Amino acid sequence: MRLADAAAMPVVGFGTYPLRGAEAEAAVASALDVGYRLVDTATRYGNEIEVGRAVRATGLPRDEIFVVSKLRGRDHGYEAARRAAYLSVERLGLDRIDLYLIHWPLPMRGAYVEAWRALIDLREEGVLGSIGVSNFLPEHLDRLRAESGELPVVNQVEAHPGFVPGLVEAAHRRLGIQTVAWSPLGRSGRVHEEPRLREIADRHGATVAQVVLRWHLRQGRAVVVKSADRRRQSANLRIFDLELTTREYAEVGASVDPRGRIGGDPETFEEL
Ligand SMILES: NC(=O)c1ccc[n+]([C@@H]2O[C@H](COP(=O)([O-])OP(=O)(O)OC[C@H]3O[C@@H](n4cnc5c(N)ncnc54)[C@H](OP(=O)(O)O)[C@@H]3O)[C@@H](O)[C@H]2O)c1
């Protein structure tokens, strides 16, 4: 898919939280091998070194892999964000990061606009390819635009059948921002046992995960999905030939009782 800045971003990406150390490196190597071309990491995950190692070890040309990382809360502010982004690049061992996100807005600290200005400058300098945010609410997006004149191309937010971020996605449509769903399967095993999803999956000879991921794409979202298991990694990527009926897509959205967020509330969550 094309982002608002014309960069091409794969719609299905590989999530690396909470993988660490050798397990992270092996999982990313396997994910790239089965066909993923986007890898999602963050300073907070403590695995940028291993992710970078796996990316560099593939025989793939660098420009075929889209690497995403994120700025921690404690690095908000202009100078701190600049330093932190350079350290991310160094840990990854890459020439640049394809997409760098402000991980959480931390509105109580009031420093995300300054961090955003740093990301704009680093993009101009070629250190970052595209720049975006994560877990931002509409008012945070509006504030970025009002105070910097620039909008993020991506907002990576929690989204799964048990939690659809309707107001945020409405803002994205208004502002031309691409939604990326984190925890697209809702992280836990519960979604896979949901009888209505099982039924749809069985009808198509697919897995519940494939049905849910396909539903995200149909809603216009990109996804970052994590699996440490090579077979599940591969199956989660093989969703492009799966086509549900309009009714089935609607059923997926209504299949799970809304349970609310599994992650933090962006208004109050202090990710440092
Ligand atoms: N921006 C943010 O604030 C933020 C927050 C949270 C996460 N993220 C990103 O989003 C990525 C994905 O989110 P997530 O890891 O929380 O949740 P998720 O991708 O929805 O679910 C991952 C869980 O589902 C299991 N799973 C994966 N594929 C499966 C399949 N086909 N069948 C059955 N189980 C399957 C995995 O187990 P196995 O490994 O055993 O397969 C793992 O336990 C993260 O890795 C991270 O990169 C971002």
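**Stop 1: the ligand**

Bear in mind throughout that this is a predicted model. Select the ligand and the residues around it. There are 26 of them, and Asp40, Ser183, Arg187, Ser227 and Arg232 come nearest.

Now look at individual atoms. Which side chains place a polar atom by a ligand oxygen? Ser227 is one of them, with a polar side-chain atom 2.5 Å from an oxygen atom of the ligand. Lys226 is another: an N or O atom in its side chain is 2.7 Å from a ligand oxygen. His103 also has a polar side-chain atom by a ligand oxygen, at 3.3 Å.

**Stop 2: His103**

His103 sits in the loop between E4 and H4. Is His103 buried or exposed? Its relative accessibility is 6%, so it counts as buried.

Show its contacts next. Leaving out residues up to four places away in sequence, His103 touches Ala42, Arg44, Tyr45, Lys70, Leu71, Ser134, Asn135 and Glu271.

**Stop 3: the loop between E7 and H7**

Select the loop between strand E7 (178-182) and helix H7 (195-203), where Ser183 lies. Arg187 is in the loop between E7 and H7 as well. Both residues are among those that come nearest to the ligand.

Check the backbone angles here. Ser183 has a positive phi of about 50°, although it is not a glycine. Arg187 also has a positive phi, near 65°, and is likewise a residue other than glycine.

Ser183 has a relative accessible area of 12%, so it is buried. Arg187 is at 54% relative accessibility and therefore counts as exposed.

**Stop 4: the largest pocket**

Next, display the pockets. The largest holds about 800 Å³ of space. It is lined by 36 residues, and those closest to its centre are Tyr17, Trp182, Ser183, Arg187 and Lys226. Two elements give two or more residues to this lining: strand E8 (222-225) and helix H9 (230-237). Which element gives the most? H9 does, with four residues.

Colour the lining by residue class. You will find 14 nonpolar, 15 polar and seven charged residues.

Zoom in on Tyr17, one of the residues closest to the pocket centre. The peptide bond from Tyr17 to Pro18 is cis, with omega near 5°. Pro18 belongs to the loop between strand E1 (12-15) and helix H1 (21-34).

**Stop 5: the cavity**

How many cavities of 30 Å³ or more does a search of the whole structure find? It finds one. About 50 Å³ of space lies in the largest cavity. Of its 13 lining residues, Met9, Leu38, Gln156, Val180 and Val224 are closest to the centre.

Show the strands around the cavity. Strand E2 (38-40), strand E4 (97-102), E6 and E8 each supply at least two lining residues. E8 gives the most, with three. E8 also contributes to the lining of the largest pocket.

Colour by class again. The cavity lining has 11 nonpolar residues, one polar and one charged.

**Stop 6: helix H5**

Select residues 138-148, which form helix H5. Which of its residues are buried? They are Pro138, His140, Leu141 and Leu144. An α-helix has 3.6 residues a turn, so residues three or four places apart point the same way.

Then step just past the end of H5. Gly149 takes a positive phi of about 75° there.

**Stop 7: Glu25**

Finish in helix H1, where Glu25 is placed. Glu25 is partly exposed, with a relative accessible area of 24%. Setting aside neighbours within four places in sequence, Glu25 is in contact with Glu50, Arg53 and Ala54.

How values were computed: Residues numbered from 1 in each chain as written. Predicted model: local features only at pLDDT ≥ 70, side-chain atom pairs only at ≥ 80, totals over all residues. Heavy atoms only, no water. 1 Å grid on protein atoms, 1.4 Å probe; cavity = no way out; pocket = protein on both sides within 12 Å on 5 of 7 lines; lining within 4 Å. Points joined across faces, edges and corners; volume = space filled by probe spheres on them. Nonpolar A, V, L, I, M, F, W, Y, C, P; charged D, E, K, R; others polar. Buried < 20%, exposed > 50% of the residue type's maximum accessible area, 1.4 Å probe, protein only. Near = heavy atom within 4 Å. Polar contact = N/O pair within 3.5 Å; in protein donor to acceptor, adjacent residues only side chain to side chain. Contact = heavy atoms within 4.5 Å.
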